[in-house]
Structure formats: C-alpha cells, structure tokens
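Trainee: I would like to learn how to read the features of a protein model, one at a time. Could we go through them slowly together?

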Amino acid sequence: MAATQMQGRGPPKGSIELFSPTYFAACGLGGIISCGPTHTSVTPLDLVKCRRQVDPKIYSSNFSAWRSIFAKEGLGGVFFGWAPTAVGYSFQGAGKYGFYEVFKYYYGEKLFPNANKTVVYLGASASAEFLADIALCPFEAVKVRMQTTLPPYANSLREGWTKVTSKEGIGGLYKGLYPLWGRQIPYTMVKFATFETTVNQIYKTLGKPKESYNSLQQTGVSFLGGYIAGIGCAVISHPADVMVSKLNADRQPGESGGKAMSRIYGNIGFRGLWNGLPVRIAMSGIYPCCDGFDAPIRWQEAQREELSLEM
C-alpha cells in the first residue's frame, strides 16, 4: 500500500521515478560502469590466478609470475585478456544490477510483499545472476583460453571468438556455463545478502547511527563491509571458479560436462579445488569495495526518503 502511494505521488523534480523502466535501466548502466572497469583493472591478478589454477607449478609465486611475464611481454602481457574481461563483465554487470532490482521489486513488492527481506535479496540476486551469466559465459570462455594456454590460444577477443565458433560452434562458448553458474550464483547471493548485514553490524560496533557520520566515513564503512563480504564470496565459490578454468582449458571434444568434471577432479583432488584462493580473496575483496555495489541500494533508499517527506 505504502509503495503504491509513493509511486502515485511521483518522484521529486530532477530524479528518476522509483521502479520505473528508467530506474531499472539506470541500475543496469551503473552495473556496466562499475563492473567492467573494476574487473579489467585487476586483469593481472586474474591472469596469474587462472594460469596457476590450470598448472600449479607454472610459477613459484604471484610476484615471480608478474616479473616473468613483464620481462618477456611487457605491460601488455601483464594485462593479457583485458578485452574479453571488459566486455564480458560489462554485460554481466548490467544484468546483475539491472535484473537484481527488477526481481527484488517483483518478488518483494508484487509476489511476496510480506516475505523476509533477506529471502527476497537471495532470490532476486540468484535470478539476476542466472541471466547475467548467460551474457558473461562466451567472453569468460575466450578469456580463459587466451590466458591459460601457452603459447596463447588467441591474441585478441575477435580471434578467440572466431576460433572457438569455427571449430566448436556457439556451444563451444558455453562449455563452462554450469560451473559458471555454480561459481557466480552463490557468490552473488552471499554478496548481496551479507553486505547490508555486515555494514549494519559495523555501525553497531561503532556505537553510532549511520546518519551521524559524513559521506567519506560512510564510504569507508561501505568499503570495509564490501571487503568482508567479498572474502566470504570468494571462499564459497572458489571450487567452481577452479572448475571453470579447468573446463575451458582442458575439456576434450565431445566430452560431457559431468564426465569432464569427474576426470578433472580425479586429477586434481579436493586440494586442487582451492588453487589460487589467496589471489581470488584479494580480487573478490576489491570488487565489492570498488564496484560500488551498494550504490543502487543507497540511491533507492534516498529516493524512498524523499518521497516519504513529500507525503
């Protein structure tokens, strides 16, 4: 009832109407701006992580890996695979944030208005990530093949895309879709469900309400909350992340996904599923801090407060 009244009043002048198509599009655009550049900026971490997941003995340490790559290939080698990363995670960001707000609205306001908020967040984030990963998967497949094969499978996104589709068809770009869902859906569910809880707990520990802090201090709390949430995201989704890398690099022609995963697990064992975890913890802590994933939530809260004041 309250939501209906607020929508009927209309948004304050110069703002976007809450839950309107423009609002959902703005959230999607925010996802593109935040996720694409953020993931691209940590390509050096991702490059070494993927290579060490596929071949744990390839480098003795992350720093020795970067020194070796830079000495042989320069800065371009350190950022190898940036193009599919930028495009893929821009699409994924649009889907993740845009559809998250769509599903959160329909689940929380339309279908299950009395449901627990955390349950709504979990359902909305899982549904949004399911769709977002369909857009991400082809670019992730090309990226992993480029980064984990030496000499490289391809030297550009266009070359990699053409080689995969010419030999394996479009299906070749979706070899790792199931493990990608297994990685990203739990990751995103933990991310959205725990972030707000973590931030609220930080404010409780500090002993003052959020409103008593200035914008810079609130940003610092969001940064810390994002990093803590990111660590949990990394741990819960890491085995599937390893499997995504291994499947795209080592799946044999005609081999089913289940058979490939069984064979790979037989080769690497349980311990192998955790290869590269420290690097991924660093990456996953950075993503929530830098991609501003609480921005749509904070913007939505501000819109609600403005509309409430007008009533």
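Trainee: Leaving aside its neighbours within four places in sequence, which residues is N275 in contact with?

Mentor: Before the answer, please keep in mind that this is a predicted model, in which local features need pLDDT of at least 70 and side-chain atom pairs count only at pLDDT 80 or more, while totals for chains, interfaces and linings use all residues. Residues are numbered from 1 along each chain as its sequence is written, and side-chain values use heavy atoms, with hydrogens and water left out. Contact means heavy atoms within 4.5 Å. By that rule, and leaving aside neighbours within four places in sequence, N275 is in contact with R52, Q53, P56, H238 and V242. The C-alpha atoms of N275 and P56 are separated by 7.1 Å, although these residues are 219 residues apart along the chain.

Trainee: Where is N275 found, and how many helices and strands does the protein have?

Mentor: Helices (H or I, at least four residues) and strands (E, at least two) are DSSP runs, numbered from the N terminus. The protein comes to twelve helices and zero strands, and N275 is found in the loop between α10 (257-272) and α11 (277-290). Among contacts between residues at least 6 apart in sequence, 76% join residues at least 24 apart.

Trainee: How should I read the packing of two helices, and at what angle do α2 and α5 pack?

Mentor: Axes are lines fitted to C-alpha atoms, for helices over the stretch in contact, and angles run from 0 to 180 degrees between N-to-C directions. Helix α2 (residues 21-41) and helix α5 (residues 82-111) pack at an angle of about 145 degrees, with their axes 7 Å apart. A crossing is left-handed if the near helix is turned anticlockwise from the far one by less than a right angle, and right-handed if clockwise; α2 passes α5 in a right-handed crossing.

Trainee: Which residues of α2 and α5 meet?

Mentor: Among them are Y23, F24, C27 and G28 in α2, and W82, T85, A86 and Y89 in α5. For classes, Ala, Val, Leu, Ile, Met, Phe, Trp, Tyr, Cys and Pro count as nonpolar, Asp, Glu, Lys and Arg as charged, and the others, Gly among them, as polar. The contact of α2 with α5 has twelve nonpolar, ten polar and one charged residues. W82, which is found in helix α5, touches T40 and T43, not counting residues up to four places away in sequence.

Trainee: Is G81 buried or exposed?

Mentor: Buried means under 20% relative accessible area, exposed over 50%, and partly exposed in between (1.4 Å probe, protein chains only). G81, whose place is in the loop between α4 and α5, counts as buried because its relative accessibility is 3%. Leaving aside neighbours within four places in sequence, G81 is in contact with T43, K143, M146 and Q147. Of the 311 residues of the protein, 50% count as buried.

Trainee: How many aromatic pairs does a search of the whole structure find?

Mentor: Rings of Phe, Tyr and Trp (its six-membered ring) pair if their centres lie within 6.5 Å; planes under 30 degrees apart count as stacked, over 60 as edge-to-face and the rest as tilted. The search finds 14 aromatic pairs. One of them, between F63 and W66, is edge-to-face, at 5.5 Å centre to centre and with 80 degrees between the planes. Both residues lie in helix α4 (residues 62-78), three residues apart, about one turn of the helix, and F63 is exposed, with a relative accessible area of 59%. Elsewhere, F19, Y23, F24, Y105 and Y106 form one aromatic cluster.

Trainee: What is the phi of F19, and which residues does a cis peptide bond join?

Mentor: Most residues other than glycine have a negative phi, and most peptide bonds are trans. F19 has a positive phi of about 70 degrees although it is not a glycine; F19 is found in the loop between α1 (2-9) and α2, and is buried, with a relative accessible area of 10%. A cis peptide bond joins L150 and P151, with omega about -5 degrees, and P151 lies in the loop between α6 (117-148) and α7 (157-168).
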